Amino acid sequence: MACTLSLAFLVLHGFISLSAAADSCQYYIPRGDPFSIPLKYPDLSSKELTWKHNEKLIFKRKNGKFKPGKAEDISNDGSLQLKDLKLADEGTYKAVVSNSDGIISTEQSFILCVMEKVSKPSVNITCSDKDIIFTCTLTNIEGVTFQWNQNGNPIDKKTEPHLTIPLKPQKKTDTFTCSAVNKVSTETSDTIKPICNAVSDSGGHGLLFGFDFLPMVCILAGGGGLVLLLIIITLVCCFRSRRKSQMRFEGNRFRPKVKRLRL
């Protein structure tokens, strides 16, 4: 029983430690960017300086000599100059300044987190009977929050990748954008104008060819009836004309021929 409790305590302690480490970053830097970890020690001319990354020695200056590292790795105040940061470069950096006797003058630690910049999001639209559903999509959503804007103005308390807006209050001129935000960058989607047709309360359709549904049905029905009437009239006229021609032909065919007498 005691062994089980001890094991549970260790697992819980490890989980809490990892969570605390993840939340204790002092600096968030985009991958690929340079960064200077600020030491800002006033006078290093006669001091020994070391920098460690996750307890591994990466820089040491003693008596004007550098091993490991080189002069351009630090600034005049001892700040560590990092270039083209990679994900493997995150972690704890520790600087120690001491005198020639090894007595420590200052010791400072810094926790650095390296993150990917967010990609440019795109917005997909789904139309339902009553709502417009927007979905903000991008390559990686880890650590990303979302900001929705309508007509250039932020929509408060909307930080999820999905946004649902009622259809009826919307105007044809309304525009929307989605911004993806993490601790190192922000990207905004292209502006979109949703085109969705509302369903009326009576159950009828809202729009047809961009106009009110019922008037358009009436117009199309009336136009269709007029075309049908014209076709019927044309067929009747053609039939009567053909019948008259046929009766005239048959009358000429059966009329008796009269011979003229020569005088």
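These notebook entries follow what I looked up in a predicted model of one protein chain.

**Ground rules**

I number residues from 1 along each chain as its sequence is written, and my side-chain values use heavy atoms, with hydrogens and water left out.

**Entry 1: the whole chain**

I looked up the secondary structure and found two helices and 17 strands in the protein chain, where helices (H or I, at least four residues) and strands (E, at least two) are DSSP runs numbered from the N terminus. Of the 263 residues, 25% count as buried, with buried meaning under 20% relative accessible area, exposed over 50% and partly exposed in between (1.4 Å probe, protein chains only). The accessible surface comes to about 19100 Å², and carbon and sulfur atoms hold 59% of that; these areas come from the Shrake-Rupley method with a 1.4 Å probe, and for residues only the protein chains shown count as cover. I also looked at contacts (heavy atoms within 4.5 Å): of those with a separation of 6 or more, 57% are between residues 24 or more positions apart.

**Entry 2: the open sheet**

I traced an open sheet of six strands with mixed pairing, in the order β1-β8-β7-β3-β4-β5, taking two strands as paired if DSSP finds at least two bridges between them. Strands of a sheet pair through backbone hydrogen bonds, either parallel or antiparallel. The edges are β1 (27-30) and β5 (65-66), and each has a single partner strand, so one side of each lacks a neighbour in the sheet.

Moving along the sheet, I found strand β3 (residues 48-53) joined to strand β7 (residues 91-98) by six bridges in an antiparallel arrangement, with E48 opposite S98 of β7. β3 also pairs with strand β4 (residues 56-62), again in the antiparallel sense, over five bridges, and there W51 stands opposite F59 in β4. From β4 the antiparallel pairing continues to β5 over two bridges, where R61 has F66 as its bridge partner.

**Entry 3: S98 in β7**

Is S98 buried or exposed? S98, which is found in strand β7, has 7% relative accessibility and therefore counts as buried. Leaving aside neighbours within four places in sequence, I list K47, E48, I103, I104 and S105 as its contacts.

**Entry 4: turns and backbone exceptions**

Most residues other than glycine have a negative phi, and most peptide bonds are trans, and with that in mind I looked up the exceptions. The hairpin of β3 and β4 has two residues between its strands, and N54 in the turn has a positive phi of about 50°. The hairpin of β4 and β5 likewise has two residues between its strands, with N63 in the turn at a positive phi of about 55°; at 68% relative accessibility, N63 counts as exposed. D84, in the loop between β6 and β7, has a positive phi of about 45° although it is not a glycine, and at 43% relative accessibility D84 counts as partly exposed. I found a cis peptide bond joining K67 and P68, with omega about -5°, and P68 has its place in the loop between β5 and β6.

**Entry 5: nonpolar cores**

Which residues touch the most other members of the largest nonpolar core? Among its 19 residues, they are I37, L49 and W51; a core here is a set of buried Ala, Val, Leu, Ile, Met, Phe, Trp, Tyr and Cys residues joined through side-chain atoms within 4.5 Å. β2 (35-37), β3, β6 (80-82), β7 and β8 (104-115) each supply at least two residues of this core. Apart from this core lies another of 18 residues, among them V123, F146, L163 and A180. Back at L49, I set aside neighbours within four places in sequence and found contacts including L39, L44, F59, I74, G78 and V96.

**Entry 6: P42**

P42 is in the loop between β2 and β3, and at 77% relative accessibility P42 counts as exposed. The C-alpha atoms of P42 and G78 are separated by 8.7 Å, although these residues are 36 apart along the chain.

Notes
This is a predicted model: local features need pLDDT of at least 70, side-chain atom pairs count only at pLDDT 80 or more; totals for chains, interfaces and linings use all residues.
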